[in-house]
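Q: I would like to learn how to read helix packing and pockets. Could you take me through them with the structure on screen?

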Amino acid sequence: MFIILLLCCLIIGLITFGKNWPAAPTAAGSMVMALSIFVSGIWPYMSGQSVNSLSSRLLVLGTILIWLYLLASYLTSIRRSTFYRDHLADPMRRLAIGSWATGTSVLLINVYYAFGAGWINETVHIMAVLNVVLWLFYLWSVLSGWRQLAGGSYRGRWDGSVWLPATATHSIAWMIHEVFDLADGLWVSRTLIAAGMVMYVIGAWQLWRQRAKRPRTKQSYGRWNTTYVMVYGAPAIAAVTASATHAWSAARIMDAWWIILALLLVVEGREALQAMNRIRNTGWRTGIGRYHTAQWTRLFTLGIFYVLTWYTLPFLQEGSLSFVLHRWMLTGGGWLLSVLFLLELTFWLIALVRHWGQPAPESDAASNTGMRVRHH
């Protein structure tokens, strides 16, 4: 029944707006990733509301509506006969399809716990199977993209999409554990987590190999740069999945937390310096006040680390330095992330209203993955 309702909404939307439905970049699935993490990890801790409370359910419903909007956009590209050009032709955009699988996985976990009962559970199971199929198709596309990238023929800009195969694989392991009651599912979780970490290493090696071959160029101040946020985001979701599935020991997860924290400080410190440079040279409005899909990726990586911090809190002795640090990060970081989510959602709504009904410029469609550096 729920699937039929979703399909009816999509059909009505596509008939009403047709080819004028706004085009979404491939990595716009990071928006669902980020919002789902906010609903499942940040909101319950900050508000004290349970995952099946009225407020949590309303937030889940809002995320479902955004998921439907993005799904309609991708289906509309098929109607425009531009799906391959928009999402598959460029290998980096092909890798960014991982945001679709990841966002759907976390969203289905939220739906399962917020509305888990009867036919809704059955619907979530069906959607989860379809998401696994999407993930398998994505892996096939990733192998094709890796061959193209390894061949040295690609002349575009590399970005953090190289780590999305690992992120998507870890999210599938998390979803399978939460949604399906497998009698002996630990080996599935461990296998998928290990496979994801291998993909993470492959992505890091590819990016290092590409950057070693090309001379470094000075980047302009008017660009967003979130290339490396997945450096700590992918291991963070691996650790969260390992914690949820009990695939790793508590000591190993804590070791991972400290490593991920170090990566986060390095990456976000670098990004903060670049943001200050942009503000000095172009002002607040141009420097950090414009919407870009890439910022959802950053919110997701910060959000998944927040969830990992919440999960590792019970491992610590009350009153210890690590315990105090965790509590401080959960309280202060929760408020900070809530403000950032609200700002980014406002920027998105403003951009959506401004560009509604306008076709995406072909130059943008050919270059934008939603995660890479882009001029404003």
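Q: How are helix 2 and helix 6 oriented to each other, roughly parallel or roughly perpendicular?

A: This is a predicted model, in which local features need pLDDT of at least 70 and side-chain atom pairs count only at pLDDT 80 or more, while totals for chains, interfaces and linings use all residues. Residues are numbered from 1 along each chain as its sequence is written, and side-chain values use heavy atoms, leaving out hydrogens and water. Two packed helices are described by the angle between their axes and the distance between the axes. Helix 2 (residues 29-47) packs on helix 6 at about 25 degrees, with the axes 8 Å apart; the two are therefore roughly parallel (angles under 35 degrees). Axes are lines fitted to C-alpha atoms over the stretch in contact, and angles run from 0 to 180 degrees between N-to-C directions. Helices are DSSP runs of H or I with at least four residues, numbered from the N terminus.

Q: Which residues of helix 2 and helix 6 meet?

A: Among them are Gly29, Val32, Met33 and Ser36 in helix 2 and Ser99, Gly103 and Val106 in helix 6 (contact means heavy atoms within 4.5 Å). By class, this contact of helix 2 with helix 6 has seven nonpolar, eight polar and no charged residues. Here Ala, Val, Leu, Ile, Met, Phe, Trp, Tyr, Cys and Pro count as nonpolar, Asp, Glu, Lys and Arg as charged, and the others, Gly among them, as polar.

Q: At what angle do helix 6 and helix 8 pack?

A: Helix 6 (residues 98-115) and helix 8 (residues 164-179) pack at about 20 degrees, with axes 8 Å apart, and are therefore roughly parallel. The contact includes Ser105 and Tyr112 of helix 6 and Ser171 and Trp174 of helix 8. Its residues divide into 12 nonpolar, six polar and one charged.

Q: How much space lies in the second largest pocket?

A: Rolling a probe the size of a water molecule over the atoms shows where empty space is left. The second largest pocket holds about 970 Å³. On a 1 Å grid over the protein atoms alone, a pocket is an open set of points where a 1.4 Å probe fits, with protein on both sides within 12 Å along at least five of seven lines; lining residues have an atom within 4 Å of a point. Of the 33 lining residues, the closest to the centre are Glu268, Arg298, Leu302, Leu336 and Leu340. The lining divides into 21 nonpolar, six polar and six charged residues.

Note on methods. Parallel < 35°, antiparallel > 145°, perpendicular 65-115°, else oblique. Points joined across faces, edges and corners; volume = space filled by probe spheres on them.
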